[in-house]
Amino acid sequence: MDQAIVHVVPRSAQGEELFPLQLSQTFCRLDEDVRYELQGKLRDVFARLGREVIEDPELKSPLPDAVRAFLGAEQDLVQVSGELAHALRDSQGGNNPAGLLLVASARLDSQQALLMVKLEHETGMQTNEIVTDGLRTFAMQYLDDLLLTQKSKVYKVALFSEEGLAESGLQGWAADPQTSGKDVARFFLEKFLGCRHQNDPRELTRRFHDTAMNWVNSRCTDSDTRMNYVLATMVELQRPTPTLDPTEFIRTHLRDAHQADLAAFLAENDVPIGTFEKNTELISNRLQKMRVDLSNGAFLVAPVEAMQDGTIQVEDLGDGRTTVTVTSTVTKTSSGAAGRPLKPPTQRPEQPTQAETLPGFETIRALPKQATPAHNGHALPPAQA
């Protein structure tokens, strides 16, 4: 962060008169300790919760044009931050409390960038040691204007750099710790930033699943390792967590020799290494059971729980062959594949002849065979059954 400016944005209740903005006229003072702590906290937030966002022209927000004007040196920080403060107030509803908007000029990988942080006041107690009548004690003070405390979760962050000035629209990052890793709050993402998420969480989750499975089958030759990695992937995707962190997954479940290779494989297949929102809607039916195909044509389909509790075990024999052991109780045997009912025969059933008795028609006698009468020009031909 280079320079920063802070504006007070009041609460905007529907049907009530708008309170005026309290706009700063110059930059705020950032000593090195404050700058260091603030940069460290925001780096951590973007690393854990940052989401790629892209401009959506249909949302009609003034922010993308304001960011372009600043990055293009058409407006200075004081001017653009004032416009953003008005845009934030206009985008908030009656449920959004008053707070502060911090706007800072920054550098991201040596490129000019614009940082926005929406803050809310917090309260706390402060103690200072004092001496009264020669005795040591503590004076307690109530503070109602704390910002970005260690446990603070009520703030939202956005960052746009020169790299995001694409022809397809402004691109950047947004994070919202208040949502516990889920989507950025709609009012902040859509109404204020005028953006949408660049990647659909459902598609990202499916891509991670498919890419991980392809990597296991193409890069791992040991049967035990294959099974462990596939099982770890399925269990990770079924965990009741709102986000998926591929880097943490690799570090936790893969051997050291395989970690860098999977990370590179994910990147090659457009799967982000950073945390993204997890949504298994497109692959939910594929996470219930595991399938193992063998070279002799046999295959095994089993619930994930059976692989975890040890009733199904896979042993690599070291010569390219594998032993699969299933310990359970037989409940049913049948012909066919995978318990599917056999298809009915395709040939048409033979029709009964006159000599056969039809069920339900036992009292009716078949007519004797008669010669076909000669056809003349005036008589109708005999009816054909």
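The structure is a predicted model, in which local features need pLDDT of at least 70 and side-chain atom pairs count only at pLDDT 80 or more, while totals for chains, interfaces and linings use all residues. Residues are numbered from 1 along each chain as its sequence is written, and side-chain values use heavy atoms, with hydrogens and water left out.

**Overall composition**

The protein chain contains nine helices and 16 strands; these are DSSP runs numbered from the N terminus, helices (H or I) having at least four residues and strands (E) at least two. Of its 385 residues, 36% are buried, a term that denotes under 20% relative accessible area, against over 50% for exposed and partly exposed in between (1.4 Å probe, protein chains only). Among contacts (heavy atoms within 4.5 Å) with a separation of 6 or more, 65% involve residues 24 or more positions apart.

**Aromatic pairs**

The structure holds four aromatic pairs. A pair of aromatic rings is described by the distance of the centres and the angle of the planes. Rings of Phe, Tyr and Trp (its six-membered ring) pair if their centres lie within 6.5 Å, and planes under 30 degrees apart count as stacked, over 60 as edge-to-face and the rest as tilted. Two of the pairs are set out below.

| Pair | Centre distance | Plane angle | Class |
|---|---|---|---|
| Phenylalanine 187 and phenylalanine 188 | 6.3 Å | 75 degrees | edge-to-face |
| Phenylalanine 208 and phenylalanine 249 | 5.6 Å | 85 degrees | edge-to-face |

The second pair links distant parts of the chain, with phenylalanine 208 in helix H5 (residues 201–219) and phenylalanine 249 in helix H7 (residues 246–253), 41 residues apart. Phenylalanine 208 is buried at 0% relative accessibility, and phenylalanine 249 is buried at 3%. In the other pair, phenylalanine 187 is buried with a relative accessible area of 12%, and phenylalanine 188 is buried with 0%.

**A charge over a ring**

Arginine 291 lies over the face of phenylalanine 299, at 3.9 Å from the ring centre. The criterion is that NZ of Lys or CZ of Arg is within 6 Å of the ring centre and within 35 degrees of the ring normal.

**Helices H2 and H3**

The axes of helix H2 (residues 63–71) and helix H3 (residues 77–91) come within 10 Å and cross at roughly 175 degrees. H2 is therefore roughly antiparallel to H3. In this contact, Leu63, Ala66 and Phe70 of H2 meet Leu77, Val80, Glu83 and Leu84 of H3.

Notes:
Axes fitted to C-alpha atoms, helices over the stretch in contact; angles between N-to-C directions. Parallel < 35°, antiparallel > 145°, perpendicular 65-115°, else oblique.
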